[in-house]
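Have a look at the fold, then work through the notes below.

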Amino acid sequence: DVRWYALFLLAGLTAGLLFTRWLATRVGLDPDWVWDAAPWIVLSAIVGARLYYVLLRADYFAQNPAEAINLRLGGMAFHGSLVAGIVAFVILARRDKQPVLAWTDVAMPGVAMAQAIGRWGNWANQEAFGLPTSLPWGVAIDVVNRPPQFANAAAFHPTFLYESIFNLANAALLGWLALRVPTSRVLRHGDVLGVYLINYGIARFVIERIRTDSLYIGPLPAAFWLSWLLVVVGMLVLIVPRVVGSANSKGHSPPTSD
């Protein structure tokens, strides 16, 4: 069978890669490198997403090992894909002598675009929804897919839709920043990555608070820990180069005459 979940993921990946390639062309990077690197980055991201999800539900998959590789039925944790994808991206960029930070400027808008479309796979699978709601845009969920405590609820927050809308807006903002970096006196290569990490970390934390299917690490949802980490790393990406650059410029300033 061909699952809608898989089709939405493929559509998101395709749109994200095309957006990244378009931005690369606009800022003077080699757009063909996108196609060279994409298969390995996408494969790494998929493996990372599934591995992270399987580890968080280790008890279940220990009893059902064959389902660990059945991606069509859902179960892809984005934080895992982000970490694995970035690692693969850096390795490939260094191997091919590509400017890593310049490429992050055009890659992160593509990631946000892929998320915006891929999130609709959750709608197809009736997963990643939120608490019951009476709002007019509440989504109907089949009884079999509802949490037991909400078996009688009529509609639920479409948290996948909230994240999709946010990611689409984030993709537009990041794309605008990416086009400005080469000529800006304020922006630096790598800033788009920092803004992405902060924006997504905050948005995911807020949305996760009303989801009903969160996976936990200790007393808190796993997404809380990872979202806070993303925000901290994003702030470091923005701040550290400026502090180091400022210190280096002071250390190399010409001596003054008495």
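Ala-169 sits in helix H7, which covers residues 159-180; helices here are DSSP runs of H or I with at least four residues, and strands are E runs of at least two, numbered from the N terminus. The model is predicted, so local features need pLDDT of at least 70 and side-chain atom pairs count only at pLDDT 80 or more, while totals for chains, interfaces and linings use all residues. Residues are numbered from 1 along each chain as its sequence is written, and side-chain values use heavy atoms, leaving out hydrogens and water.

**Ala-169**
- Ala-169 counts as partly exposed because its relative accessibility is 48% (buried is under 20%, exposed over 50%, partly exposed in between, with a 1.4 Å probe and protein chains only).

**Arg-146**
- Arg-146 lies in the loop between helix H6 (120-125) and H7.
- With 19% relative accessibility, Arg-146 counts as buried.
- Its contacts (heavy atoms within 4.5 Å) include Phe-129, Ala-151 and Phe-156, leaving aside residues up to four places away in sequence.
- The Arg-146 side chain reaches the backbone oxygen of Ile-141 at 2.7 Å.

**Helix H5**
- H5 spans residues 100-118 and runs 25 Å from first to last C-alpha, close to the expected 27 Å (1.5 Å times one less than the number of residues).
- At Val-106, shortly before Pro-109, H5 has a kink of about 30° (the angle between axes fitted to the seven residues ending there and the seven starting there).
- Of the 19 residues in H5, 16 are buried.

Technical notes. Polar contact = N/O pair within 3.5 Å; in protein donor to acceptor, adjacent residues only side chain to side chain.
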